[in-house]
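This report describes the structure shown below.

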Amino acid sequence: MLVLAAQESFFLARRPRKDSPHTTAAYRRDLAGVTALLAEVTGTAPERLEMAALTTRNLREAFGVFADSHAKSSVLRAWSTWNQFLTFCVAEELVAGNPMGAVARPKTPPLVPKPLRGEDTPERLLAAAAEGARQGRDPWPERDVLVLALGLVAGLRSAEMRTLTHASVVGRPGERRLHVAGKGNRDRSVPIEPAMDRIIEQYVVSCRRRFPQGRFDRGSALLRDRHGEPIGRGGLEYLVRSCFRWAGLHDRVPSGANLHALRHTFATRLAEDGASASEIMALLGHASLATSQNYIEATARERRAAVAGNRTYASLARLPHRE
């Protein structure tokens, strides 16, 4: 069987999983990229590559070339994609075994939470945005505050913010919550307090004022760009970076975090205030409890409690005070 035909069968079999378009596109890129390298290794055109060519030796060589021009995270993702594809091929009896176990891959880096630095940074950031500190071509403080709040008090990812619609805000007044279309089709419900409900309402009013001819039914996108269109990924990232810069807080953002630092700040504050790993997992939509546990470990709350319980501390506290 041809490799390209097997890959199409793989995607056909995954259709009931309802993968997001982003996930499917990433899988296709990873399969196509390494397939092209396998074609070079074997001296065969990609469209004529046979499943018999997917040997340990050929895959090792192809992944070696792939690794020369890609970051560790990209190599790890491609390895995972091919491992899933070849596991499918084994189940379909297209190959005798999965050779990916013998193909080297980078070690998975441990998750290190990257919250904003400085205890008062979230409050200063929100205050600056509300005061209209971000002086772009078309200032829109109501939207700036909402975007920052969606990260800081709801823990939303960039993609989750962009998929919010007016219908995502559900529940009775005083008991509102956000219905979030999460990563990996893990939808979740995030409670919001009246203060957040008010921020959303102020933003919606500003939208209607800015775009009187706009469409604002329940199925339309909640977050808009300055033209009234659904905001894109790049526009959202730029908005958050600009808020940090105009607030004078860009030096408090961990390298490479930006918008995601808001989500990490939300999770870290939950852990610091006593939330359990299971509560953090539910609110952030993590796939693994271990991921949520990282935030608790990063705050050192449990370790501090363990140290404080040391009986010797009681003796230390009774020692005479010397001036």
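## Confidence of the model

In which helix of the protein is confidence lowest, and in which is it highest? The structure is a predicted model. Its lowest confidence falls in helix H13 (residues 301-308), where the mean pLDDT is 57. The highest is found in helix H1 (residues 3-14), at 96. For the protein as a whole, pLDDT averages 89, and 93% of the residues score at least 70.

## Domain arrangement

The domain assignment divides the protein into domain 1 (3-102) and domain 2 (120-305). A separation of 36 Å is computed between the C-alpha centres of domain 1 and domain 2.

## Nonpolar cores

The largest nonpolar core comprises 44 residues, of which Leu125, Leu146, Leu150 and Leu223 touch the most other members. Two or more residues each are supplied to this core by helix H5 (121-130), helix H6 (141-152), strand S2 (177-180), helix H8 (194-210), helix H9 (233-246) and helix H10 (259-272). H6 makes the greatest contribution, with seven residues. Apart from this core lies another, of 28 residues, which includes Val34, Met51, Leu59 and Phe88.

Leu150 illustrates the contacts made by one of the most connected members of the largest core. With residues up to four places away in sequence set aside, Leu150 touches Gly155, Leu156, Met161, Leu164, Leu178, Met196 and Leu223. Leu223 is itself listed among the members that touch the most others.

Is Glu160 buried or exposed? Glu160 belongs to helix H7 (residues 158-162). Its relative accessibility is 2%, and Glu160 therefore counts as buried, the cut-off for that class being under 20%. Beyond residues up to four places away in sequence, Glu160 touches Gly155, Val180, Ala181, Gly182, Lys183, Arg188 and Arg263.

Ala267 is located in helix H10. Ala267 counts as buried because its relative accessibility is 0%. Which residues does Ala267 contact, leaving aside its neighbours within four places in sequence? They are Ile280, Leu284 and Tyr295. Ala267 and Ala128 are 139 residues apart along the chain, and their C-alpha atoms are separated by 22 Å.

Methods. Residues are numbered from 1 along each chain as its sequence is written. This is a predicted model: local features need pLDDT of at least 70, side-chain atom pairs count only at pLDDT 80 or more; totals for chains, interfaces and linings use all residues. Side-chain values use heavy atoms; hydrogens and water are left out. A nonpolar core is a set of buried Ala, Val, Leu, Ile, Met, Phe, Trp, Tyr and Cys residues joined through side-chain atoms within 4.5 Å. Buried means under 20% relative accessible area, exposed over 50%, partly exposed in between (1.4 Å probe, protein chains only). Helices (H or I, at least four residues) and strands (E, at least two) are DSSP runs, numbered from the N terminus. Contact means heavy atoms within 4.5 Å. pLDDT is the predictor's confidence in each residue, from 0 to 100. Domain bounds come from an automatic or database domain assignment.
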